[in-house]
Amino acid sequence: MKIHKYDTVIVGAGGAGMRAAIESTKRSRTAVLTKLYPTRSHTGAAQGGMAAALANVEEDNWEWHTFDTIKGGDYLVDQDAAEILAKEAIDSVLDLEKMGLPFNRTPDGTIDQRRFGGHSRNHGEAPVRRSCYAADRTGHMILQTLYQNCVKEGVEFFNEFYVLDQLLVEQDGVRKSAGVVAYELATGEIHIFQAKAVIYASGGTGKFFKVTSNAHTLTGDGQAAVYRRGLPLEDMEFFQFHPTGIWRMGILLTEGARGEGGILRNKDGERFMEKYAPVMKDLASRDVVSRSIYTEIREGRGCGPEGDHVYLDLTHLPPEQLDAKLPDITEFARTYLGIEPYTDPIPIQPTAHYAMGGIPTNVEGEVLADNTTVVPGLYAAGEVACVSVHGANRLGTNSLLDINVFGRRAGIAAAEYAKDAEFVELPENPAAFVEEQVERLRESTGSERVADIRKELQETMDANVMVFRTEQTIKTAVEKIGELRERYRNVAIQDKGKRFNTDLLEAIELGNLLDLAEVMATSALARKESRGGHYREDFPNRDDVNFMRHTMAYREVGDDGTESIRLDYKPVVQTRYQPMERKY
Amino acid sequence: MATPTMDKLEALEKDSTTSHLITVTFRIRRYNPEVAEEPTWQDFQLEIDPKERVLDALHKIKWELDGSLTFRRSCAHGICGSDAMRINGKNRLACKTLIKDVSPEKPITVEAIKGLTVLKDLVVDMEPFFQAYRDVMPFLVTKGNEPTRERYQSAEDRERFDDTTKCILCAACTTSCPVFWNDGQYFGPAAIVNAHRFIFDSRDEAGEQRLEILNDRDGVWRCRTTFNCTDACPRGIEVTKAIQEVKRALITRRY
């Protein structure tokens, strides 16, 4: 076991982690621990763009952007946070440009902008061009640009280090962060990182679904680490299903395809979104479009022999436009489906895409221990966190924005805190939990396989807590997850070695997914209303009287060691926008 | 939407809903110094749909047959650059290679990329690769005061370096280069591609410095234009052309 000491430790090296690292490295001695090489992070898979009311191509302002974000989130958004997001968006994009990001340009040489779902002119009048983009590889450019600037700033990375535990120590009745425990993939060695400030920026948890746009590595490790230590998770029932994933594979096809003029069609060739969203049509918010697609499928208008998908039609767009604006997604269609998007529509279905919920933070990125109390020295930003700027449904292009705005804020806040703070003394045997976890798995002689449990988890999540939910389906999922958690105790791995033991890490990741799936389903069961990405067929309306509030889920352990989930609720911050019916 | 298109799609979809499992042998170069000093070839037989990715096959092996098989992967659709490997002797991304396209009627060989130290099975030490990348100053350098808004760049100037912005640092190009195999000191195609991305960016002001770095004895002049790198690039970057453009810029000092 090795012990390291840093002012600031950042967990994760995607967009939020690296944006934070650029700030905190200038201000404090910083280490970035990442389970992947930084450029492998899933920020790189984001395609369509980053929202900011630059008004480079038409009239726009940050107030309209704020409104769209709040409406898009079905009014569960904390409005003070949304205002910060929209205001700071402009400098955020300009900062990236100055760091070197190669945005597409207008004929005047300014940053070009295009339309995206839910972004509108003057509070819903018509779609507006607000998304700043670099072809359909905006996330790739952001990830590369941030990594380039980390190289420039000399950011210190610990690559292929898995953070498996959060150290919290009680001092004068206050729980403070003392650091993290990490597992080094190359050697199997356990490392303690004592730090004045810790920032989680470890991304989402989409791998508990089967059809997902998420990478294999998105297993909610950060959420699970703090949750296990008794800190709450907020709004975990809200998960976004992106309307256009490649049929059965889930690979993302950007909403920018519809921003460029692409149209969704059913088996009769009908542009069905006109029925569901007369103004915004194919560019309604993602939850609305995904539900519409499944409604078409359920009512027998789906495509293919099994009627289980619809088409994304780009055939009316000029090939030059597809080559210039959508080169990557058209190549995906060719590579994985053998389809030519110039002439053939692309079979698509909704794909599990983004966790709106996560580790609760305030607008400085400080992690909350309950509705109001901050955990000194603990921060989170990006998909792992819940500020909450996305509420019940995130707008497209607001996540690349979120990681830049709140990654920067968390990086500055953590480093400033570390300047004045003292190190918190490490608890006795700081590595005990991780050592026990690793040894138990290495030595297990159980009969269960990781791959089997994971597959069953993914199948039950897809079947029961996806776009449409009812009390019965959610209960089925809760029961199944409970059964899988029991079986997980008996899981065994084949690779008993120390060197690059990915077999072991996959087992640990599965444990995280099981914990988080249970939180998600339990939170969803209790929310007896429909809002944004959470749609209950048995409660099809939004219920602002009883549920205009954030869910806060806590892990409780009884005296006899039994685990349970306690749900509490937190008020939504409302400033200038009163909830209205949501129409597109 | 025209009917012929629909018919064609119906056929395609019918084809992909019925499973055509075939038996494929994967011959994988195994190496784990915890177990044996020398690498060995191991065969695995799978029943698998040939339209699946090679990465799917590796997962099937790991998840169902041998949990110790070790490889890197993340996004699984050719964006993150984790899973470059030698498949039937050619560098490719396992997640972008469909089984049907690599002669599944014969054993499909899979081994680690060449020229970097193998650490376990298909995992190599990427550090020398990233060191070469860092050495070419892969970041925008500008002088003077920053503008309040964005820097202007014409669409043509932006297009000038578009090709080399696509790099995902997977190392498929560098580890397909015979010069790199023989001399690990050579910067290699990927580092030059990333230098190119900035040398030809109209906003950048450190082109001279980067050119001097690449004028080194281990720089661009080592390139023998074998085009292996261009063939290997999973992003379709014209790597050899980019290297040639850097060479030309060194001679003319115009870029």
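These legends walk through a few views of a predicted model.

Residues are numbered from 1 along each chain as its sequence is written, with chains lettered from A and ligands numbered from 1 in the order in which they are written. In this predicted model, local features need pLDDT of at least 70 and side-chain atom pairs count only at pLDDT 80 or more, while totals for chains, interfaces and linings use all residues.

**View 1. Chain B as a whole.** Chain B holds nine helices and seven strands; these are DSSP runs numbered from the N terminus, with helices (H or I) of at least four residues and strands (E) of at least two. Its C-alpha trace spans about 60 × 60 × 35 Å along the principal axes. Of the 255 residues in chain B, 49% are buried, meaning that 20 or more other C-beta atoms, placed from the backbone, lie within 10 Å of the residue's own. The average pLDDT of chain B is 94, and 93% of its residues score at least 70; pLDDT is the predictor's confidence in each residue, from 0 to 100. The model itself scores ipTM 0.96 and pTM 0.97.

View 2. Two strands count as paired if DSSP finds at least two bridges between them. Look for Met85(B), whose bridge partner in S4(B) is Arg92(B). Two residues sit between the strands of this hairpin, and Asn88(B) takes a positive phi near 50°.

View 3. The domain assignment gives chain B domain 1 (19-124) and domain 2 (127-143 + 158-252), with bounds from an automatic or database assignment. Their C-alpha centres lie 28 Å apart. Which strand gives the most to the domain 1 side of chain B? That's S4(B), with three residues. In total, 13 residues of domain 1 of chain B are in contact with 14 residues of domain 2 of chain B, where contact means C-beta atoms, placed from the backbone, within 7 Å. The domain 1 side divides into six nonpolar, four polar and three charged residues. Ala, Val, Leu, Ile, Met, Phe, Trp, Tyr, Cys and Pro count as nonpolar, Asp, Glu, Lys and Arg as charged, and the others, Gly among them, as polar.

**View 4. The domains of chain A.** Chain A is split into domain 1 (249-349) and domain 2 (432-548). Four residues from domain 1 of chain A and five residues from domain 2 of chain A make the contact.

Notes
Contact = placed C-beta atoms within 7 Å. Buried ≥ 20, exposed ≤ 12 C-beta atoms within 10 Å, placed from the backbone.
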